[in-house]
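Welcome! Have a look at the structure, then read on.

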Amino acid sequence: MIPFLDLYRQFKTIDVSINNAIEQTIVNSSYIGGDSVKEFEKSYCDFLGINHTIGCANGTDAIEILLQAMGVQPGDEVIVPAISWISTSEAVTSVGARPIFVDVDPDYYTIDVEKIQSVISSKTTAIIPVHLYGQPVNMVRIMEIAKQHNLKVLEDCAQAHGSTFNGQLIGTFGDASSFSFYPGKNLGAYGDAGCMCTDNDDIARKARRIANHGQEGKHNHIEEGRNSRLDGLQASVLSVKLPHLTDWIKGRNKVASQYLSGIDNSDVIVPNTIGNGGHAYHLFVIRHSRRDELKSYLFNAGVSTAIHYPKALPFLECYNHRNFNESDFPVAARLQNEILSIPMFPELLHSEIETIVSLINKF
Ligand SMILES: *Cc1c(COP(=O)(O)O)cnc(C)c1O
């Protein structure tokens, strides 16, 4: 079976350094906070070229805490794309605000930037562009629209470590950005982890405070916060992996170009990259009108695939009360039935890619 993702292959290339880093964290007993967390936060700032990185428990918390730190209030409206992992809209609801969905672009599958203005109301306070599958959103247009309407921008970069737009790293355009280090992401920990990044000192201070029980200094609780920590073991794993990230993104792009030059089945739509965009290929998502048949055909031939996601956000049961129709989000409604994520990770073998390509071409 060709796996959809094989994290053990990556571990084998760095096992000695990982084991040493884990052992060192245990020797130092720096499980919570401490040097390994500080060191990773500093390295991630250097990687992005940004002033503040605040580790937290996962990428979902990162969105929620940043929305609060940016001043999003209960009753506010926050604009999100119709296709994402549920964290994006769930975090909006968690802070008492209302997610306002916008259909996605038919070519790039990220939020349709030109449809944003039509949903902006007097209650709108923020936009969350999601760099879905590693495809960068046109952040120049997003920032123009945000400026014009005085909106905050939070970039959901959970799938886009290493993506660029106009040569600039994703996560450095908005007021703040959230990252997930869920094991399967482009930069993955060995458990749950996430971080929040910003150049804004005020947002950084508030986010760090909220994630640490509202404390500024020990036992000085300015407000009620919560507990959302990046733990020392995960931080030490991430510090070993971060220096490899650029090579891994190159590896993902190599796999993508082999797919792009190999797949020539005229019923298959392969991914496009937005102009001036650097795709980080967290996922390689193809389309076919008989997607379910293609998926089982590949499975029977020994290739694992996945669907990201079988239902667009507005059509999930949890949003039934919003009474959305497929005609409200026609692009997302169509994509959810056609998209198929095929194996994508830097250690995928040339021969495995050849097998996958030839199976797709024969379908
Ligand atoms: C993975 C993901 C998240 C959430 O990250 P967790 O670390 O799993 O909480 C948020 N947004 C998107 C787009 C994701 O893919």
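The largest cavity in this predicted model holds about 100 Å³ of space. The structure has 2 cavities of 30 Å³ or more. There is also a largest pocket, with a volume of about 520 Å³, and that pocket is where the ligand sits.

**The largest cavity**

- A total of 15 residues line the largest cavity, and Leu7, Gln10, Lys185, Asn186 and Arg252 are the closest to its centre.
- Two helices, α1 (7-28) and α8 (245-262), each supply at least two residues of this lining.
- By class, the cavity lining divides into 6 nonpolar, 4 polar and 5 charged residues.

**The largest pocket**

- How many residues line the largest pocket, and which are the closest to its centre? There are 28 of them, and Trp85, Gln159, Tyr182, Lys185 and Tyr309 are the closest to the centre.
- The elements that give two or more residues to the pocket lining are α3, α4 and β8 (176-180).
- Sorted by class, the lining of the largest pocket has 12 nonpolar, 12 polar and 4 charged residues.

**The ligand and its surroundings**

- Around the ligand there are 13 residues, of which Gly59, Thr60, Gln159, Ser180 and Lys185 come nearest.
- Ser180 has a side-chain N or O atom 2.6 Å from an oxygen atom of the ligand.
- Gly59 takes part through its backbone, where an N or O atom lies 2.8 Å from an oxygen atom of the ligand.
- For Lys185, a polar side-chain atom lies 3.1 Å from a ligand oxygen atom.
- How much of the ligand does the protein bury? Taken alone, the ligand exposes 380 Å², and the protein buries 93% of that.
- Two helices, α3 (59-69) and α4 (87-94), are the elements that give two or more residues to the shell around the ligand.
- The shell around the ligand has 8 polar residues, along with 3 nonpolar and 2 charged ones.

**To keep in mind**

- The ligand sits in the largest pocket, and α3 and α4 contribute two or more residues both to the shell around the ligand and to the lining of the largest pocket.

Definitions and conventions:
Residues are numbered from 1 along each chain as its sequence is written. This is a predicted model: local features need pLDDT of at least 70, side-chain atom pairs count only at pLDDT 80 or more; totals for chains, interfaces and linings use all residues. Side-chain values use heavy atoms; hydrogens and water are left out. A residue is near a molecule or strand if one of its heavy atoms lies within 4 Å of it. A polar contact is a pair of N or O atoms within 3.5 Å; within protein, one must be able to donate a hydrogen and the other to accept it, and residues adjacent in sequence count only if both atoms are side-chain atoms. Accessible areas come from the Shrake-Rupley method with a 1.4 Å probe; for residues, only the protein chains shown count as cover. On a 1 Å grid over the protein atoms alone, a cavity is a set of points where a 1.4 Å probe fits but cannot get out, and a pocket is an open set with protein on both sides within 12 Å along at least five of seven lines; lining residues have an atom within 4 Å of a point. A molecule sits in a cavity or pocket if more than half of its atoms lie within 2 Å of its grid points. Helices (H or I, at least four residues) and strands (E, at least two) are DSSP runs, numbered from the N terminus. Ala, Val, Leu, Ile, Met, Phe, Trp, Tyr, Cys and Pro count as nonpolar, Asp, Glu, Lys and Arg as charged, and the others, Gly among them, as polar. Grid points are joined across faces, edges and corners, and a volume is the space filled by probe spheres set on the points.
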